[in-house]
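Thanks for making time for this. I would like to walk through one structure with you, slowly, and give the cut-offs behind each term as we reach it.

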Amino acid sequence: MRLKRIFIGLVSLLFTNIALSQEGLPIYTDYLTDNYYLIHPSMAGAANCSKVRLTSRQQWFGHEDAPRLTTLSINGRIGDTPSGIGGIFYTDKNGYHSQTGAYVTYAHHLMFSRSEVDLNMLSFGLSAGFIQYKLDETSFLFDGPDPIIDGIVQNATNFNVDFGFSYHYLDYYVHGAVKNMLNNDGINKEPNVTSNLRRYLITVGGVFGKQGSTWSYEPSAMLQYRDATQEASVDVNAKVYKRMDFGTIWGGLSYRNSFDGAEYISSNTINSQRLQQITPILGVNYKNFMFAYTYTHQTNSVVYTNGGFHQITLGFNFKCRRERFDCKCPAVNY
């Protein structure tokens with residue numbers, strides 16, 4: 001059982017995401033479930049409604065100590081001002097590793113259009129918060145003193161900040177963010193790996209549809225780059241929306257591909273593979289409520305199990321104002 005837990009942790013680090021277990025809030029595809037604020041602080045208060053989003057992600061059902069992530073976020077506009085605030089709380093457990101984090105966000109939105117009909121908005125956001133890391137070594141197997149293993153629960157708490165911008169012009173948008181801007185002392189006796197958790201994100205996309213049609217289509221892409229290890233990956237996404245009397249039905253597909261690989265031996269031959277994931281998404285907005293389900297499937301040759309990663313998102317919109325802009329821009333108008 002202990003060897004199994006260790007193996008799960010190792011595979012998680014190698015194949016589940018470009019982000020390591022100790023890099024703050026992991027970046028999966030939950031931002032596509034009407035939750036851009038989760039990764040882009042500049043989106044706090046950008047929409048016409050204040051939003052609450054609760055997500056729960058479980059990897060490899062039926063396997064003990066498999067990675068599990070829960071996030072709770074809330075954001076909204078400060079009255080009728082051009083400023084927004086938000087907050088994020090999350091817990092992330094991966095075998096012997098776990099982390100708990102909390103962030104608060106301030107964002108400011110600058111309108112450049114002459115009226116609210118045409119969307120032309122530049123936004124800036126800053127998040128600050130604490131992350132507590134834990135490594136449970138109490139069940140590790142070792143014979144006496146070890147310079148690496150202490151046999152206790154290791155704890156560390158770090159402060160960090162995220163900064164980002166967003167630009168919306170009619171039906172198009174671009175987001176950028178620098179996550180974990182500050183260096184820290186490192187954790188779990190790995191300062192060279194964990195002192196620099198800086199990550200860069202760029203997201204671009206647009207929403208298209210015929211005038212007066214209830215259908216709209218949103219292609220987008222997100223590039224992320226980790227500074228310390230020089231790892232990079234790209235998400236290529238496509239979503240479709242159908243406006244209904246009660247709200248909106250939507251779905252999509254996301255493909256993640258890493259530019260970096262890992263080597264493995266098969267039949268005495270050294271092979272390599274890169275992280276590749278396909279994630280279908282289904283969601284519905286019913287009045288002020290939102291529900292979404294995502295399933296992530298790894299297409300790599302070497303995986304821990306053929307079972308995928310399941311995630312459910314529940315949302316609630318409140319303090320909604322009228323749709324201000326004449327554009328197909330669900331992240332802002334809805």
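What follows goes from the disulfide to a hairpin, and then to the aromatic rings.

First, a word on the source: this is a predicted model, in which local features need pLDDT of at least 70 and side-chain atom pairs count only at pLDDT 80 or more, while totals for chains, interfaces and linings use all residues. Residues are numbered from 1 along each chain as its sequence is written, and side-chain values use heavy atoms, with hydrogens and water left out.

Let me begin with the cysteines. The structure holds one disulfide, a term that here stands for a pair of cysteine sulfur atoms within 2.5 Å. C49 and C320 form it, with their sulfur atoms 2.0 Å apart, and because the torsion about the S-S bond is about 120°, the disulfide of C49 and C320 is right-handed. The pair links distant parts of the chain, 271 residues apart: C49 sits in the loop between α1 (2-16) and β1 (50-59), and C320 in the loop between β14 (309-318) and α3 (330-333). For those element names, helices (H or I, at least four residues) and strands (E, at least two) are DSSP runs, numbered from the N terminus.

Are the two cysteines buried or exposed? On our scale, buried means under 20% relative accessible area, exposed means over 50%, and partly exposed is in between, with a 1.4 Å probe and protein chains only. C49 is buried, at a relative accessible area of 7%, whereas C320, at 38%, is partly exposed.

Now to the hairpin. Strand β9 (residues 215-226) and strand β10 (residues 231-243) run antiparallel and are joined by 12 bridges; two strands pair if DSSP finds at least two bridges between them. Y225 stands opposite A232 in β10, and there are four residues between the strands of this hairpin, in which Q230 takes a positive phi near 60°.

R226 also belongs to β9, and with a relative accessible area of 2% this arginine is buried. What does the side chain of R226 contact? It makes a polar contact of 3.1 Å with the side chain of T229, where a polar contact is a pair of N or O atoms within 3.5 Å; within protein, one must be able to donate a hydrogen and the other to accept it, and residues adjacent in sequence count only if both atoms are side-chain atoms.

Last, the rings. A search of the whole structure finds nine aromatic pairs. Rings of Phe, Tyr and Trp (its six-membered ring) pair if their centres lie within 6.5 Å, and planes under 30 degrees apart count as stacked, over 60 as edge-to-face and the rest as tilted. The rings of Y31 and Y36 have centres 5.7 Å apart and planes at 50°, so this pair is tilted. Both Y31 and Y36 are buried, and together with Y173 they form one aromatic cluster.

F316 and F318, by contrast in geometry, form a stacked pair, 6.2 Å centre to centre with 10° between the planes. F316 is partly exposed at 33% relative accessibility, and F318 is partly exposed at 26%.

Two charges also sit over rings, meaning that NZ of Lys or CZ of Arg is within 6 Å of the ring centre and within 35 degrees of the ring normal. R57 lies over the face of Y28, at 3.7 Å from the ring centre, and K239 lies over the face of W250, at 4.5 Å.
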